[in-house]
Amino acid sequence: MANETAQKTNKNTLSEYSRNKILSVRDIKKFYENKSTKSLIGLEYERLSIDKNTLNCADYKTISKIIEIFANQNNWKILYDRDTIIGAKSADFTSISLEPGCQLEISLSPKNNILDIDLSLNKIINRIDKIASYYNVIFLGYGINPKNTIEQIPLLNKQRYLIMDKYLPNAKGGLLSRYMMRKTAGIQVNVDYSSENDAFYKVKFLNLIMPFIEAMCSNSPFENNTLQDKKSLRANIWRNVGYERCNFFYGKIFKNDNSKNFFEKYITEVLKVPVIYIERGDKKTIINGKVNFAQFMKNTQNSAVFEDYILHQSLCFPDIRLKNYIEIRNHDS
């Protein structure tokens, strides 16, 4: 399942909960059980934004202008975070968005097959690249910015990114998180599952083959204008974004072939991850990892709600991430 179905499901599931209801694991489990009846494929494709003249990271002002023109030409809605343009969205939930270092992501609505994905993706690429060429911008399919240092790449003024940028470098194993946010670009494939048993075996299989996918897609050995000793610097960076929120369930869920209570086991691991922040409307409350989500759920002073879990699990970054579909994440663009 890809983004359109996911967003509709999330919206419908969120409406089942009130702000006054105390969140339970049983409530969270419904999110994973609420699946699409179809078997669809989704794609999220990031590219680096490069100034053609200098080969440096393109500036936000130019990229936001490209997004504005693209949105107006195609009748898409422009998306903002306060006064910052962060992307645009079509009526069918296909979107373009900006990552922390102004990488441009194309996120497709769900498709029936890979051919439909290829046709839809190339249609958007051709349109946006034509606009970008007028502004001397190249959107580069490569795993890591090959020239600029992190000090040379400004962080996008989006509240989520600003909060992450303060917390992640100081978290356990988060040494390269600022590199991840500013320099990397990857591809994510989304697929449906039909049942808890199906989800278990798909997630297990994808975790087994992910190292081979990563190796086959490795294309980022250059950094700071220098050939490095790793085939995928992007992959190495992601291994140093936070031990507690990357690869957090490996070796725990898949000790045997028992798919019983798989959703609950996965949820249990997500609940162990420290909370970065929560949202109440437009207000963001910084937690900074002082408690994990299980502890946060027990806090009666500020009761956890379903929206809190949705935000929290989006800030967990395993290679294979389970929602009410499966995300195959983080191989080089």
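Analyst: A contact is counted when heavy atoms lie within 4.5 Å. The model is predicted, so local features need pLDDT of at least 70 and side-chain atom pairs count only at pLDDT 80 or more, while totals for chains, interfaces and linings use all residues. Residues are numbered from 1 along each chain as its sequence is written, and side-chain values use heavy atoms, with hydrogens and water left out.

User: What percentage of the contacts between residues at least 6 apart in sequence join residues at least 24 apart?

Analyst: Under that contact criterion, the share is 72%.

User: Why is the protein called as compact as a globular protein of its length?

Analyst: The protein has 11 helices and 13 strands, where helices (H or I, at least four residues) and strands (E, at least two) are DSSP runs numbered from the N terminus. Its radius of gyration is 20 Å, close to the 20 Å that the globule rule gives for 333 residues, so the description holds. The radius is taken over C-alpha atoms, and the rule is 2.2 Å times the number of residues to the power 0.38.

User: Which strand supplies the largest share of the lining of the largest cavity?

Analyst: Strand β1 (residues 41-51) does, with 3 residues. Lining residues have an atom within 4 Å of a point on a 1 Å grid, and a cavity is a set of points where a 1.4 Å probe fits but cannot get out. Among the lining residues are Leu48, Cys57 and Arg182.

Notes:
On a 1 Å grid over the protein atoms alone, a cavity is a set of points where a 1.4 Å probe fits but cannot get out, and a pocket is an open set with protein on both sides within 12 Å along at least five of seven lines; lining residues have an atom within 4 Å of a point.
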